Structures are given as C-alpha cells and as structure tokens.
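Please look over the sequence and the coordinates before reading on.

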Amino acid sequence: MHDDRDSGHDSRLERIRAWLSQARFFAEEVYSSRYRGAIARARRDEDDLFMLLVFSEMMGVPNPAAYYTLELQPLLLERFHDWHRRMGMEQSPLDHFKCC
Amino acid sequence: MSAIVLLALGLAAMAGGYFLYSKFIAEKIYRLDPDYKTPAHEFEDGVDFVPTNRFVLWGHHFTSVAGAAPIVGPAIAVIWGWLPAFLWVVLGTIFFAGVHDFGAIWASVRNKAKSVGALTGDVVGARARSIFMIVIFLVLLMVNAVFAVVIAGLMMNFPSAVVPVWGAILVALVVGQLIYRRKMSLAMVSIVGVIALYTLIGIGPSVPIEMPAQVGGLSGNAVWILILFAYAAIASLLPVWMLLQPRDYINGLQLFVGLLILYGAIVLLNPTLVAPAYNNDVPAGTPSLLPLLFVTIACGAISGFHGLVSSGTTSKQLNKETDARFVGYFGAVGEGMLALAAILVATAGFATFADWQAMYTAFGQGGVNAFVEGGAFVIHNGIGLPEATAATLLTVMAALFAGTTMDTGLRLQRYIFQEWGEIYNQPWMKKPSIATFLAVGSCLLLAFGAGGADGAGGMIIWPLFGTTNQLLAGLTLLVITVMLVRLRRPMWYTLAPLCFLLVMTIAALLIQLRTFFEQGNYFLMFVDIVVLVAAIMVAMECTSALRRSRAEMAAEKGDS
C-alpha cells in the first residue's frame, strides 16, 4: 500500500520534472535561437583574429608571443582551412604548409 | 454593440481563415511538401541554418513582427468608426497578411532561404532589386522617426512610465550579464527579471518624472526625441547579447502577459463600444477613409516588414515545409489579434461618446494615447487593477515595442549605409560609428522636418510610413506571384491583394501630396514624391514582370 502511493508520487514528480525540463528547453530556445547566428558570427570574428595572431610568424608578421602561440598551432590546424578560405584566400597562404 | 460580440466575431473569422483558407492555400496554391528538404536541413550549420521546433519558431516570428505598429495604426484609424478598421484588420489578416507572410516563407524556403531582397533580384530582375533597397531604406527611415515621436509622446503624457521604461532597459542589461557572464539558469533569471519589471511598473505611478515643457530652448518633446535617438544609436552598436537579446525576451513575455490581461479584461467587463460603427462626424481635416484607411493600418492587416522577417531568419530555421503555414499564417493571425485588441480598447475604453470624441479631436490624435487610456479603463474596471498602474503597464508595453523596433531599424539602416560605402568605395562610410551617425541624422531630419522644431507633429508621417510598408508588401507579393505563374498555378490569390494594395497606396500618396501642398509642408511633399516615384516604379515593374513571365510560359507551351 505504502509502496503504491510512493510510486504514484514518484511518477507525478517525474511528470512535473519532465514538464519543467520541456519548459526550460522552450524558454532557452526562445531566448537563444533568434540571436544564435549573430553571436556565433561575432565569436567567429574574434577567433579569426586569434588565428591571425597564432599564424602571424609564418606569414612574416613578427609576434612577440610567438614562443607561446607556437604550441597552439597543432590545436588550431583543424580550423586552418576554413579560416584561410574565409579570409578570401583560395589556397593556403603558407608556402611550406598546404592544406588543400 | 458589445465588445465581446465583436471580439468573438473577429476571432472566429480569423480562426476560419487559419483552418480553411490557409489550408486551401497550403494545399492548392503553394502545395507544401512534407518531404521537401528545407534549407535548415540542407545547409545546417548550427549558426543561421538550424531546424527549429515550430512552436519556438512561431514564438519568435510572432514577437519579431508584432510591435507598436499594430497598436498605433488601428488606434488612429478608429477615427472613422470601429467598423472600417475592424473589417480591414480581419479581412486583411485573412486574405492579405496571412497569404503574404506565409508566401514569403514558402518563396524563401524554395529558394535556398534567400531574403526577399535577393529573391526580387533573382525572380523579377536587377532593377526591381534596386527599387526594393530604396523602399526598405524609406521604411526604416520612417519607422525610426515615427516611433521616436510615439515614445516621446508617451513619455510626455504618462510621466509615470518613465521610470519603468528606462528601468526595463537596465533590467535587460543585468539579465544579459547574468546569463552570459555568470551563466545563471534562464528560468531563475526570467523569474527575477519579470518580478523586477512588474515591481517597476507598480512603483512607476508614485515616482513620475516629468520633462519640463522647455529645456534650453527646446521643447520637452524634442528633448525626449533626442534622448531616444542617443539611446537607439548606442543600443544598435552594442553586441546583441548585451541588450537586444535579453530585452527581446522580456518584451516577448510582456507581449503575452499584456495580450492576456487585455483580452481577459475585455471578456470580464464586456464594455460597450461607445464609438460609432461609422463616424459621420469626423473632425475637420480628416482625410477620406478610402484610400487612407488602407495605409493607416498597415501592420495588423498587411505589412511588408513581415516579409523581411519571414525570409530573413524564419525561413532558415523552418524544420518542415508544412510548418510554414503555422508559423507564417498563424503569425499574421497573432498580429491581427493584437490589432483587434487595439481597436476594441480604443473604441470601448471610454465611459461616454463625448469622452471618446475628446480624445479624437483631429486625425493623428488619439492613437497610442487612446490605446493606453482606453486599455487602462478596461483593465481597471475589468480586473480591478488601479487605473494608473494599468496605464503604466500598457505604456511600458507600447514604448518597449517601439524602442525595440527603433534600435533594430537603426541597426539595419546602418548596414545599408555600410553597404553603400562598400558599393561606392567610400571607406569612411563603412565605419559602424559613422554609418550609425548618418542613420540617426537622416531619421532626426525627418522627425523634426515633418513636425517642426518640437517634433510634436511627427505623427503626420504615419500614413506615409504605411504607404512604404505596403509597397514593400507589394514587392514581396510580386515575387510570390511571378513564382506561381512560372509554376503554372493560380495567381489570383496573390495578384488580387497586390493590385488592391498598389491602387490604394498610389491613391493615398496622391491625396496626401495635395494635402501637403495645401499646407505648404514642402519637406513632406518632397518625401511623398519620392515614395510616389517608388510606387509607380513598383507598379510598372509588376506589369512588365508578369507580362514577361506569361510570355515565357506561352513560348514554352508553344515549343512543347
């Protein structure tokens, strides 16, 4: 008897929890979906600048922090191709480094 | 006439429009295909192209298109009586706006989610695209000028709303910081935000801030207009997450709460419409109903602005093509409901006919003030909220809407200036600060040029704003019609509204031209001529594009 009531209580709790998580999902979607594009673009612009800093030495632009940014290069290689295309360079700008 | 009867009639007609007419349009005209791969799936990138739940998509499609315009337009237009405004809003929503908004999404989805501007170039021609750009610029110019005048008027007439309106912006700024910097949960933040907003509205009447009638040689109204443009300029330069995003969210909540309270109060109170169905005794100087009604109410019946939203963001997020009917058509119905509420409170929210007449002393008077005062009367008597608080609530709702439109409009105008800088190779014009300065300058010129040094007469340009908005809608309808002709489908369902709009717009422009000439308002006469030229070009473009498409079709038929 006691167990029965408990499980009824649990399922009700669960239903409320499911409903709340659904509500949270809707609210978050409403909050973010309209501006997702604008924010992602702004973030990409910042990232692009960062890419330029990391790869600047390779292109002949002196960078005092080159010693530190060097170790970031392998981490950012994945994004290198997208980045140079976005910057309006069809081919990789680096002579010794071809990605396409 | 009881308000509930009119409300029920309006809602029933719009529901019929959604369940019957939009179904017919979806199945027979646009022929939506549930298996069609929408751009949201085809180009999914997690940024612009994201398949989105249709209720969520409807939510922000609706909040993007609903603003102060469906409140101001109908509240001005009831000067001719409630019946003409009611009929135009209801029939306009069913046969014009719904088909237009829904069609704009469909046309865009079928063309890689391109915007209506780009589509005009592709479907109609490069010349039409240039006209489109000019019309968009004119719409933005007028919307910014007119909304600055609307908010300034509200701030002067309802000093109790000053603290909550500007406080709401502060609340939005804090909400933005809490979510992005502190990563707090949205549910928590929205509850706190809404409580803060309504507390501000509650204390507003006890801390009224009145702008002195004269400040250093400028009228109080003019000072508010300058402050508003300064705000909009700054807001349009801030990153979107800081102010725009949280404020839109709060506005969205406000919109639903406001609509619920208004409709609830109307149902509980069942006020009588004190205004006549058809006003035979309009104040002197009121222009004739035909054609001015059709440009005074643009948003709420049909508005070109919706096409920009439909094809700009909504079409990139549509999960299934069949969702377009719900999102587009029902979005228009939502806006029609807002306009209907505005009509009801602006005609039934007064104790006697004499009170109503005292509000509508001249064309362009009444408007949003009638909405606020009438609405406060209905809410006070319907659900017992103090009248001052109810008035503050509605003022905040209208002012926040108009403010959102203003800074979005200014941002878009800045993009246009920057694009011109790009096209004509003027690097200085590409700088955001300079482009914003140019945008603000042109709007201020219009706001003060139209209304004199105090900016108080700025509402004169309201019908002119309507004409540009209708032209934009006309161009979108043209794109849809040409597409339908090429697909060999019936074109009358979009061509008839298009012709009607063009005839009414051109007639309204000619009548206004004469009025401005007689008043000696040469500045507005010039603006009117610019819009008129654009309207005639749109009409000619329509004729030639349709003739060309039909000739192409006939030639193809001959070949095969």
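Chain B of this predicted model has an average pLDDT of 91, and 99% of its residues score at least 70. pLDDT is the predictor's confidence in each residue, from 0 to 100. Within chain B, the lowest confidence falls in strand 1 (residues 214-215), with a mean of 80, and the highest in helix 5, at 97. Helices (H or I, at least four residues) and strands (E, at least two) are DSSP runs, numbered from the N terminus. The ipTM of the model is 0.70 and the pTM is 0.90.

Residues are numbered from 1 along each chain as its sequence is written, while chains are lettered from A and ligands numbered from 1 in the order in which they are written. Because the model is predicted, local features need pLDDT of at least 70 and side-chain atom pairs count only at pLDDT 80 or more, whereas totals for chains, interfaces and linings use all residues.

**Record and chain division**

An unreviewed UniProt entry places the feature "domain: CstA N-terminal" at residues 3-347 and 364-508 of chain B. UniProt positions are given in the numbering used here, feature names are shortened, and annotations may be inferred rather than shown by experiment. Over residues 3-347, chain B is 71% helix and 1% strand, and the end C-alpha atoms are 9 Å apart.

Chain A is divided into domain 1 (1-34) and domain 2 (39-100), with bounds that come from an automatic or database domain assignment. The C-alpha centres of these two domains of chain A lie 45 Å apart.

**Contact between the chains**

Chain A brings 17 residues to the contact and chain B brings 21 residues. Two residues are in contact if their C-beta atoms, placed from the backbone, lie within 7 Å. On the side of chain A that touches chain B, helix 1 (2-33) and helix 2 (36-55) of chain A each supply at least two residues. Helix 1 of chain A gives the most to that side, with eight residues. The residues on this side of chain A divide into nine nonpolar, two polar and six charged. Here Ala, Val, Leu, Ile, Met, Phe, Trp, Tyr, Cys and Pro count as nonpolar, Asp, Glu, Lys and Arg as charged, and the others, Gly among them, as polar.

**Nonpolar core**

The largest nonpolar core holds 205 residues, and those with the most contacts inside it include Met142(B), Phe371(B) and Ala398(B). Helix 7 of chain B gives the most to this core, with 21 residues. A nonpolar core is a set of buried Ala, Val, Leu, Ile, Met, Phe, Trp, Tyr and Cys residues joined through C-beta atoms within 7 Å. A residue is buried if 20 or more other C-beta atoms lie within 10 Å of its own, exposed if 12 or fewer, and partly exposed in between; C-beta atoms are placed from the backbone.

Leaving out residues up to four places away in sequence, Ala398(B) touches Ala68(B), Ile71(B), Leu154(B), Val368(B), Phe371(B) and Val372(B). Leu154(B) is found in helix 7 of chain B and counts as buried because it has 24 C-beta neighbours inside 10 Å. With neighbours within four places in sequence set aside, the contacts of Leu154(B) are Ala161(B), Val368(B), Thr395(B), Ala398(B) and Ala399(B).

Ser160(B) sits in the loop between helix 7 (126-157) and helix 8 (162-180) of chain B. Ser160(B) counts as buried because it has 22 C-beta neighbours inside 10 Å. Among the residues that Ser160(B) touches, not counting those up to four places away in sequence, are Gly204(B), Pro208(B) and Thr392(B).

| Pair | Apart in sequence | Apart in space |
|---|---|---|
| Leu154(B) and Ala399(B) | 245 residues | 7.3 Å |
| Ser160(B) and Leu495(B) | 335 residues | 47 Å |

**Helix 12 and backbone geometry**

Helix 12 (residues 289-296) of chain B is mostly covered, with six of its eight residues buried. Its cover includes helix 4 (69-77), helix 5 (82-109), helix 19 (462-486) and helix 20 (492-519) of chain B. Pro291(B) is one of the buried residues of helix 12, and a cis peptide bond with omega of about 10 degrees joins Leu290(B) to Pro291(B).

Arg31(B), which is not a glycine, has a positive phi of about 45 degrees. Arg31(B) lies in the loop between helix 1 (3-29) and helix 2 (39-42) of chain B, and is partly exposed because 13 other C-beta atoms are within 10 Å. Arg488(B) also has a positive phi, near 55 degrees, and lies in the loop between helix 19 and helix 20 of chain B. Arg488(B) is exposed, with 10 other C-beta atoms within 10 Å.
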